[in-house]
Amino acid sequence: MAKGSPVLIGLSAAAVLIGVGAAVHLAARPHRHLQANPSNPSDHSSASGLPACSSATATGCDRSKLPTGTRGSSGCRGKGPGTITASPIALSDLAYIQPMGLMIGGHVTPIDHGYFYIKGAVAHPPQQAAVYAPLGGNVSVVTRTVRRGDPAAKQASYDDYAITIEATCTFRVRFSNMVRFAGALGDNVGQLGENETKTPNFAVQAGELIGYTGLPTAFGIDVWVENDDITLTGFVDPAQYTAAEVWKTHMADLFDATEEPLRSQLLALDERDATPRWGKIDYDIDGKLVGNWFRVGTGGYGGSQFGRGGNYWTGHLSVVYDGNDPRQIDVSFGDYQGQAQQFAVVGNTPDPATVDQSSGLTKFELGQIRQSSGDTGKPWDGREYVPHVTTRAGPVVGTVLMQLTGQRQLKMEIFAGKTASHVIGFDAGAELFER
């Protein structure tokens, strides 16, 4: 895939080439949490063999010494929801908002954060944009993550700044894919070293400059909104998610937390028409096909490679609805012919929420994901906001055969290059999944 292709979706982790009939994974600059954050060299390893966590949002580390009963830092104050009163990207710099729920490359299960894309990323020459605190609160954690690319594998280097802002001890907003910190915060934390984490407990006000985003790091910021007082109910086994990513079941709706008129201004740039407008990530229905599955023996969501630098998502499988246009059924594979790939279901049937053990063998024909403007029908290249994004499947490129063999047991086999009429039943390539 050419580096200059008009691709934005997925920011720095992966991308979908929209409008040309191909779903493409760009191994350019991975999201911070696709691999665990490297620890500060000064950290001491715990008895588990992992470094101690510097915060409750850190991954690939030992949480045994974190305070119990709260995920807040020592500098947080109070409990309850916060209110977003300032846009993290100035509206004049904001291209569009991509909500949670996409599946892209190594993000095989629906993504637990949204994206704020900037116009400057596709300008000539590219321009960075300022990032602002969306609410008043405590900056509990700042990190810098650096990974050296492998020129032989055409992997780019990656240098990412991330921040956690606590409105209260139970409500926080996190950003990643910043190129540097700035303003009073930047003066306070100073220049971070490679793979360094600090816990400044630094107070910020809503609308205060905290940094910049843009190329070469990313096309904008990743945005998490977390509320410990809510728990998502659409995971059959939530413990396996929180064991790897403690925030996973507590994702909140950014728009619900935003005051007017800012809420309406941001919604006008949101690419998802369906409610919830900030997207959805938890689709499991016990006994039904819909939702997330994990190949038997790979360790569930976290996987045996989580925190060890491996591709923990290779055992993942997700049969859910498109993040932008949930009228379309998508199938996301952690390993489709050796790489993570996503497809739209040709014919868009059967609905996976209706498939159970009594359904027997279920065939889905797979097509490349194609997205376009619902108003004009023009393919969407991801460079700017278009209203009413529509997702459809391209021509058949393969078929997947699935059968629920138990309440939480699934048999699956991929038949790349074959139409459903050429797939009779399982053969030696079948694999078992669970959840």
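Two strands are taken as paired if DSSP finds at least two bridges between them. In this predicted model, strand β17, residues 409-416, and strand β18, residues 431-434, meet that criterion, because 4 bridges link them in the antiparallel sense. Within this pair, L410 stands opposite F433 of β18.

**The barrel**

Strands β17 and β18 belong to a closed barrel of 8 strands, which runs in the order β11-β12-β13-β14-β15-β16-β17-β18 with antiparallel pairing. From one strand to the next, the twist averages 40°.

**Backbone geometry in the loops**

The bond from H124 to P125 is cis, with omega near 0°, and P125 sits in the loop between β2 (114-118) and β3 (129-132). The bond that joins T349 and P350 is also cis, with omega about 0°. P350 is placed in the loop between β14 (339-345) and β15 (362-373), and both of these strands are part of the barrel.

Positive phi values occur at N195 and at Q337, neither of which is glycine. N195 lies in the loop between helix α1 (183-189) and strand β7 (196-198). Q337 lies in the loop between β13 (329-336) and β14, two strands of the barrel. The table sets out phi and relative accessibility for these residues.

| Residue | Phi | Relative accessibility |
|---|---|---|
| N195 | near 55° | 15% |
| Q337 | near 55° | 64% |

Burial is assigned under 20% relative accessible area and exposure over 50%. N195, at 15%, therefore counts as buried, whereas Q337, at 64%, counts as exposed.

**Surroundings of F175**

F175 is found in strand β6, which spans residues 171-181. Its relative accessible area is 2%, so F175 is buried. Leaving aside neighbours within four places in sequence, F175 is in contact with residues from several parts of the sequence: P88; V131, Y132 and P134; Y161, A162 and I163; I210; and I221, D222, V223 and W224. Of these partners, V131 and Y132 have numbers that fall within β3 (129-132). A separate C-alpha to C-alpha value relates F175 to V142: these residues are 33 apart in sequence and 9.7 Å apart in space.

Technical notes:
Residues numbered from 1 in each chain as written. Predicted model: local features only at pLDDT ≥ 70, side-chain atom pairs only at ≥ 80, totals over all residues. Heavy atoms only, no water. Axes fitted to C-alpha atoms, helices over the stretch in contact; angles between N-to-C directions. Buried < 20%, exposed > 50% of the residue type's maximum accessible area, 1.4 Å probe, protein only. Contact = heavy atoms within 4.5 Å.
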